[in-house]
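Welcome, and please open your viewer so that we can walk through this model together. We will go one selection at a time.

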Amino acid sequence: MAAYTLGKKERLSSKILIERLFSGGSKSFPAFPLRVVYMPVEPSEQDAAASILISVPKKRFKRAVKRNLVKRQVREAYRKNKHLLLDALASRDKKLVIAFIWLDNNIHSSAEVEEKVKKLLYHIAERVE
């Protein structure tokens, strides 16, 4: 049952890693309404196999309530389906930092967000070397 949690170690909070993730050397691709940016890191740099960051720009939703709703949807979808990625990372002994960025100006259903997150996780799991 512990596999379905999303603890502090699985959240990306290191400013150094975030800066490296967005400055270059990372890979990204969209699955509308999300874009994922990910980068492999050295095992010594972080504890968790995959750390995530969720970004919903203020440009998309002016009200914090809507931004928080979208972040909750993405976080829940990742929490339920992270095993798709973590199994692939464990078999290859890799660690990743991942950022989910919201691209749309509209709120989507939780089921649709979950399908897109699953699609992105499958895609990352395939591409991890």
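**First stop: a strand residue**

Select V37: its relative accessibility is 8%, so it counts as buried, the cut-off for buried being under 20%. Please keep in mind that this is a predicted model. V37 belongs to strand β2.

Now show the neighbours of V37. Leaving aside residues up to four places away in sequence, it touches L21, F22, S26, K27 and S28, along with V97, I98, A99 and I101.

**Second stop: helix α4**

Next, select residues 110-127, which form helix α4. How far apart are its end C-alpha atoms? They are 26 Å apart, which agrees with the 26 Å that 18 residues should span at 1.5 Å a residue.

Colour V113, E114, V117, L120, L121, I124 and A125, the buried residues of α4. Looking around the axis, you will find that they cover an arc of only 135°, which puts them on the same side of the helix.

Which of its residues are buried? Highlight L84, L85, A88 and L89. Viewed down the axis of α3, these buried residues fall within an arc of 120°, so they line one face of the helix.

On the other side of α3, select D87, A90 and S91, which are exposed. The cover over the buried residues of α3 includes β3 (50-55), α2, β4 and α4.

Step just past the end of α3 to D93, where the backbone takes a positive phi of about 55°.

**Last stop: colour by confidence**

Finally, colour the model by pLDDT. The protein averages 94, and 98% of the residues score at least 70. Where is confidence lowest, and where is it highest? The lowest mean is 93, in α3, while the highest is 97, in α2.

Key: Residues are numbered from 1 along each chain as its sequence is written. This is a predicted model: local features need pLDDT of at least 70, side-chain atom pairs count only at pLDDT 80 or more; totals for chains, interfaces and linings use all residues. Side-chain values use heavy atoms; hydrogens and water are left out. Helices (H or I, at least four residues) and strands (E, at least two) are DSSP runs, numbered from the N terminus. The expected span of a helix is 1.5 Å times one less than its number of residues. Buried means under 20% relative accessible area, exposed over 50%, partly exposed in between (1.4 Å probe, protein chains only). The arc is that of the directions from the helix axis to the C-beta atoms. Contact means heavy atoms within 4.5 Å. pLDDT is the predictor's confidence in each residue, from 0 to 100.
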